[in-house]
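Keep the sequence at hand as you read.

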Amino acid sequence: MSFSLGRYVPYQSLIHKLDPRVKILSTILMMVCVFMSYKSWAMEALMQGIILVVCIILLALTHTRLSTIFKSLKSLWIMIIFLLLIYTIMPYQNPRMPVAFSVEAWNWTVYWDSFMQAAKILLRLTMMISLTMVLTSSTKPLDLTYALEWYVSPLKVIHFPAHEVAMTISIALRFIPTILEDTQRVMKAQESRGVSFSHGKIGKRLAALTSLIIPLFVSAFMRSDELANAMECRGYDPRGKRTRYRALKWHWKDTFFLLFSAALVAFFIWWAVDPHFNAMLVFPVEVL
């Protein structure tokens with residue numbers, strides 16, 4: 001099955017049956033694991049490999065194909081190449097890493113550390129998108145709204161619009177796949193009229209993007225207006241007292257998954273701050 005980021009895919013998997021409050025908190029905890037830093041590249045490779053395995057298992061449980069992750073990364077290749085160039089130009093900070101290659105005519109030396117940094121950022125982006133896709137593909141938009149509202153409900157004491165903010169975030173997440181579908185539809189329509197988005201000079205490509213962006217804005221505003229009218233026709237009042245057709249209930253599997261996520265982030269923090277574990281592993285290229 002093909003789907004995009006932000007779209008709910010109905011399945012009867014273990015992740016789908018979890019409480020949305022647990023999934024949101026667990027996603028945040030695993031994001032902390034993704035962005036942890038360590039003192040050696042060996043520790044980075046080991047710990048990032050562990051969280052990568054966890055992401056692959058979660059994707060398999062939610063019936064998400066890895067190909068959809070790589071499709072989401074297509075638009076990031078330019079940024080990755082740009083970051084690689086930045087790392088090769090920046091002053092070198094780690095004298096233990098060997099030289100990848102050097103250009104004597106320009107007095108320019110590139111170390112393996114630059115490629116490692118770019119690979120680390122690519123891996124982090126991949127895992128971040130994977131965790132977000134696990135959350136959105138296994139959680140209904142309405143359940144996501146309830147969970148977000150539950151987390152910000154203590155702020156109602158200071159008259160914070162908890163329900164309005166939660167509903168806005170939920171609608172924004174729901175519109176991501178819709179806008180992507182509209183983008184593909186408009187691109188195909190413009191290409192059938194002779195507009196090229198991948199060929200020609202930069203000026204022609206910018207003009208082609210104009211013919212893409214304007215219809216997308218118009219379509220987005222029309223959909224927003226239709227959604228607002230539909231909610232008003234159904235008597236939606238964000239400040240009114242609301243009842244729920246489906247109440248959120250906590251089960252033992254929610255406790256188990258939350259404890260697993262908490263234990264995982266505690267494990268990662270422990271290995272990051274303990275100097276004994278950081279000294280245990282040395283990346284092979286660091287001692288060449």
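Helix α7 (residues 162-192) packs against helix α8 (residues 202-233) at an angle of about 140 degrees, and their axes lie 10 Å apart. Helices here are DSSP runs (H or I, at least four residues), numbered from the N terminus. Axes are lines fitted to C-alpha atoms over the stretch in contact, with angles running from 0 to 180 degrees between N-to-C directions. The pair α7 and α8 is therefore oblique; angles under 35 degrees count as roughly parallel, over 145 as roughly antiparallel, 65 to 115 as roughly perpendicular and the rest as oblique. Before going further, please note that this is a predicted model, in which local features need pLDDT of at least 70 and side-chain atom pairs count only at pLDDT 80 or more, while totals for chains, interfaces and linings use all residues. Residues are numbered from 1 along each chain as its sequence is written, and side-chain values use heavy atoms, with hydrogens and water left out.

The crossing of α7 and α8 is right-handed: a crossing has this hand if the near helix is turned clockwise from the far one by less than a right angle, and is left-handed if anticlockwise. Where do the two helices touch? Ala, Val, Leu, Ile, Met, Phe, Trp, Tyr, Cys and Pro count as nonpolar, Asp, Glu, Lys and Arg as charged, and the others, Gly among them, as polar.

A pocket is found on a 1 Å grid over the protein atoms alone, as an open set of points with protein on both sides within 12 Å along at least five of seven lines, whereas a cavity is a set of points where a 1.4 Å probe fits but cannot get out; lining residues have an atom within 4 Å of a point. The second largest pocket holds about 390 Å³ of space, a volume being the space filled by probe spheres set on the grid points, which are joined across faces, edges and corners. Its lining counts 17 residues, with M167, I171, R174, L227 and M231 nearest the centre. Helix α7 gives the most, with 6 residues.

Now turn to α1 (20-34), which supplies at least two residues to the lining of the largest cavity, as does α5 (112-138). This cavity has a volume of about 90 Å³, and its lining includes S26, M30, L58 and F257. The lining divides into 7 nonpolar, 3 polar and 1 charged.

Which helices does α1 pack against? One is helix α9 (residues 252-273), whose axis comes within 9 Å of that of α1 and crosses at roughly 15 degrees. The two are therefore roughly parallel, and α1 passes α9 in a left-handed crossing. The contact of α1 with α9 has 13 nonpolar, 2 polar and 1 charged residues.

Another is helix α2 (residues 41-61): the axes of α1 and α2 come within 9 Å and cross at roughly 145 degrees. Here M30, C33 and V34 of α1 meet Q48, I51, V54 and L58 of α2.

How values were computed
Contact means heavy atoms within 4.5 Å.
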